[in-house]
Amino acid sequence: MTTRDEFLEKTKKALAARAGYRCSFYGCDAITIGPSKESDIAVSNVGVACHITAAAEGPGARRYDPNMTKEERRSISNGIWMCGRHSIEIDRDEVRFTVEKLKHWKAIAEERAKAAHSFGSDFTDRNPQLFFKELTPSNALIELEKISGTNNLIGNAVFDSCIPSVWGKKESIIVRDLLVELCRNSFNSGSATKFELNISTNLIEVTYDGNEFNIFSLLNHEKGRGGKDVLREVVNDFKDSIAVSYHYEHMNKIIIHRLADFCELASNLPCAINLSFGDLNKTPVALNVHETCGAIYIVLPEHFVRSDVNAIEIRLSDVEFKEKPVFIVGRDLSNSTINALSRKFPNLELVHKVS
């Protein structure tokens, strides 16, 4: 008979209280305690103190760690507070609900409860991004024989990572749609056998094998299908919040970047040109290093003003972009600067971010 290392009652109460009696499952936030109709003093508690690593070894045990002691398994550090529904869900899937993911969700729930205690739940509801120093690391590997589960695998990876709270709900939805469509296109049009994505705080990295398949070629595809429509929506409607880069180096590589830090953007996108004021006086040169790119981002220097527009025009006058989409990225630009850039570069997309 297997012995379970159960939590003490005081540990269960502490887990519930530290989570504000709300479910710690990301996106749930259900209240787990309230009055019962049984009597005037009765309380209904539908919350469950769940083990992050399994309480006991045996069939069906999820995330069991044989190196943990009995005391470690029953300690509060190994617990997370969940509603009844999600307590069952996390115990049925140790692949999706990893130890690392559950511990991060627990930390978020406790930070949220602490802020709600100090400032009220309305404050926490309006400012969910304040409780995320970083996203929950998440990844997914889709192989040819498993492509039927693409929607759930990618959708769960995006939403479990907490992207809706950090990037925004609309942004997370369009990113999910884009990843699903790109995955399907990689298999159907690019002869891929595997598609892998890794999610971190400000960017999503995608790699897939098979033939070279420039995703930006979808924009000029004669037949308007899913991938074309979603990518066009990203380029047109989300260009001020999301950057998408494609390049090919033995593998197809896509980076979807949150436009939060321009310095980070330029360093993380292989298809970004980070201009400085010193660059504006240099002789134009061909950007051969970007031959493998599907689109190019030109990041303007900080504190770029109206009189710098002419220098940019001279700097880019002889550059051949070869019909690739080109985005000029600027931060805290005045209206006069924006209007001048639009007039000088009518064929380039202007991305403007206010800090």
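A residue counts as exposed when its relative accessible area is over 50%, and as buried when that area is under 20%. The structure described here is a predicted model. The protein has 355 residues, 47% of them buried, and contains 12 helices and 13 strands.

**Overall organisation**

- Of the contacts between residues at least 6 apart in sequence, 66% link residues at least 24 apart.
- The accessible surface amounts to about 18,700 Å², and carbon and sulfur atoms account for 48% of this area.

**Nonpolar cores**

- In soluble globular proteins, nonpolar side chains tend to be buried together.
- The largest nonpolar core comprises 51 residues, within which Val244 and Ile256 have the most contacts.
- Helix H8, spanning residues 169–188, is the element that gives the most to this core, with eight residues.

- Val43 belongs to strand S2, which covers residues 43–45.
- Is Val43 buried or exposed? The relative accessible area of Val43 is 53%, so this residue is exposed, given that the cut-off for exposure is over 50%.

Technical notes. Residues are numbered from 1 along each chain as its sequence is written. This is a predicted model: local features need pLDDT of at least 70, side-chain atom pairs count only at pLDDT 80 or more; totals for chains, interfaces and linings use all residues. Side-chain values use heavy atoms; hydrogens and water are left out. Helices (H or I, at least four residues) and strands (E, at least two) are DSSP runs, numbered from the N terminus. Buried means under 20% relative accessible area, exposed over 50%, partly exposed in between (1.4 Å probe, protein chains only). Contact means heavy atoms within 4.5 Å. Accessible areas come from the Shrake-Rupley method with a 1.4 Å probe; for residues, only the protein chains shown count as cover. A nonpolar core is a set of buried Ala, Val, Leu, Ile, Met, Phe, Trp, Tyr and Cys residues joined through side-chain atoms within 4.5 Å.
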